[in-house]
Amino acid sequence: MFSTVITVCVSPAAAGSGIPEVKAYLNGVDAPNIFSWRTLFVKVLGSIGAVSSSLNVGKAGPLVHTGACIASLLGQGGSKRYGLTWKWLRFFKNDRDRRDLVTCGSAAGMAAAFRAPVGGVLFALEAVSSWWRSALLWRAFFTTAVVAVVLRALIDVCNSGKCGLFGKGGLIMFDVTSAGIAYHIVDIPPVIALGVIGGILGSLYNFLLEKVLRIYSFINEKGRFYQLLLAGGLSIFTSCCLFGLPWVAPCKPCPAGASEPCPSIGRSGNFKKFQCAPGHYNDLASLFFNTNDDAIKNLFSSGTDSEFHHESILIFFCASYFLGILSYGVVAPSGLFVPVILTGATYGRFIGMLMGSFSTLDHGLFAVLGAASFLGGTMRMTVSLCVILLELTNNLLLLPLVMLVLLISKTVADTFNSNIYDQIMKLKGLPYLEAHAEPYMRQLSVSDVVTGPIQSFNGVEKVGNIVHVLKSTRHHGFPVIDEPPFSDPPVLSGLVLRSHLLVLLKKKNFSPTRSLVGIDASQQFSADDFSKRGSGRGDKIEDIEISMEEMEMYIDLHPFTNTSPYTVVETMSLAKALILFREVGLRHLLVVPTSSNRSPVVGILTRHDFMPEHVLGLNPFLLKSRWKRLRFQSTGLIKAFNGSLLNL
């Protein structure tokens, strides 16, 4: 409840994992307040509260968001509002460098969550980044290397006993090493089955989570009271499961030669007594009443084949599966990685128990492969997950099997739905541009999707016209066209941004006559005047006061215009335009005509123009074309699968 209260009241943008927001930002979507000081503060405290309350949520996602917040705040030089600014950081006040910093911050967050520096770099490359370049690779690697060194130093301090209870557990490092791991050709079929079932379970997990998030969204829209009521109800339900389900599990006698006291006495331990007779322990309570990290370590550990009942593992799998789905939509910082790893490890160990003598693999190894298959089925990542799991378990011998399981589970799950983060972005309305162009885009040209009259300015424009256009539209970019007497015929001079126009209006560098003032006008401004604003409130046209006399004056836009904007001919394929727009990282793409007797600009392509909803809304005939049958119509297997899900 503490986590939910501070999230609802201080920064609602801190709710959830944060990875979808980071992924959308690195794709070009700048959602409000996702990297603000408030969001960082709530993300740290809220994730601590949510995880320590025993909700089935993780901390990897919030740590990724936390790293991205720190990077973004550094990139904007601090906070002007609170007087915390550093002038030496002004060099990062541009889109590309800030995007690179956020990418490195997300890699650092993943590296800190799993103590996996290489996995953090690959996670940033595979999962969140839309634009990657060679210089960013070594920068991200340097960032994660520093994270690993600092974290190792802090762990050493805590291991010396100087941290008290804060040094006991809580860091995801399983270090499950087995030098005698060996597998044979007869073990491949069970591994393939793990991948197939993991892909099906992962796609089902995504399907159910999407439905639950839609219901939670309807509840949360009713106001703060309902948000808090939902969090309180889910907390009570989770507590009932944690304390009620162990009653149905049988007690087991303590194993001989255990390396720790059995049953456990005190706050930590792997053998919880829970109403059992002396010398016995409850294996289901041992999973429920430990941290998620310790529970995963117990499931991953080798040589523990006899420590768990079949019934206990099955009950724990069902509980963690559905509690992970129900817990994520609460308005509080929460991650998906650890619950998915825990659920997958339980599922893998259960499959290992069922295989029995049919496989030579250890149950702990089955748990690792089960976690990999479930991660592949939900997250749909391959290389980064493989490296993260290898760094977690500290065992390179698992590499071939983990690779095989991840590839199979991802392939199977992709036939049913998309990865969980893409679904969450779609639910939140974040316009994410995919790396590929849909087949129907090859049938269209850019002129087929350009809509509405274009708003443009003259090279020397009246102040009143600029104010009117800025107040009547929400556009962020405007073509600048030179017309007689400055040019004959009209020619495209460039593109000017709304933010730059607001700076010009605020400085009131006007001219009483319609004449060119020359390049010297730009010397009255500094580079900091036009730098990209941070997460704070930017300038608005409604806040700028301009007198009637000033409305009749003029501004020469030439010194402040981007004279080399990206342009495409109106006959270009929409698919090619999308690739150019996404790969270069554009916000505006000017459309020029094929003939010279028309206006030099016939439209502007923005992110909205490439969205499937917009394109298909303008061209409904494409709904009946062959591409739809290939891309969207379900096969008989998928229809049967979705029908069975709806019946649930």
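Trainee: In which sense do strand 10 and strand 11 pair, parallel or antiparallel?

Mentor: Parallel, over three bridges, with strand 10 covering residues 567–569. Keep in mind that this is a predicted model.

Trainee: What is the bridge partner of Val568 in strand 11?

Mentor: That would be Val591. To get from strand 10 to strand 11, the chain passes through helix 21, residues 574–584, in a right-handed β-α-β crossover.

Trainee: Which way do the residues of strand 11 point, and are they buried or exposed?

Mentor: Strand 11 spans residues 589–592. Leu589 and Val591 point one way, Leu590 and Val592 point the other way, and all are buried.

Trainee: And how does strand 11 run relative to strand 12, parallel or antiparallel?

Mentor: Antiparallel, with three bridges joining strand 11 to strand 12, residues 603–605. Leu590 has Ile604 of strand 12 as its bridge partner.

Trainee: Switching topic, what does UniProt list as "transmembrane region"?

Mentor: The unreviewed UniProt entry gives several spans, including residues 228–249 and 313–338.

Trainee: How much helix is there in residues 228–249, and how far apart are the end C-alpha atoms?

Mentor: That span is 77% helix and 0% strand, and its end C-alpha atoms lie 33 Å apart. Residues 313–338 come to 69% helix and 0% strand, with end C-alpha atoms 17 Å apart.

Trainee: Zooming out, how many helices and strands does the protein chain have?

Mentor: There are 24 helices and twelve strands. The protein chain has 648 residues, and 52% of them count as buried.

Note on methods
Residues numbered from 1 in each chain as written. Predicted model: local features only at pLDDT ≥ 70, side-chain atom pairs only at ≥ 80, totals over all residues. Heavy atoms only, no water. UniProt positions renumbered as here; feature names shortened; annotations may be inferred. Helix = DSSP H or I, 4+ residues; strand = E, 2+ residues; numbered from the N terminus. Buried < 20%, exposed > 50% of the residue type's maximum accessible area, 1.4 Å probe, protein only. Pairing = 2+ DSSP bridges. Right-handed = clockwise from strand over helix to strand, strands pointing away.
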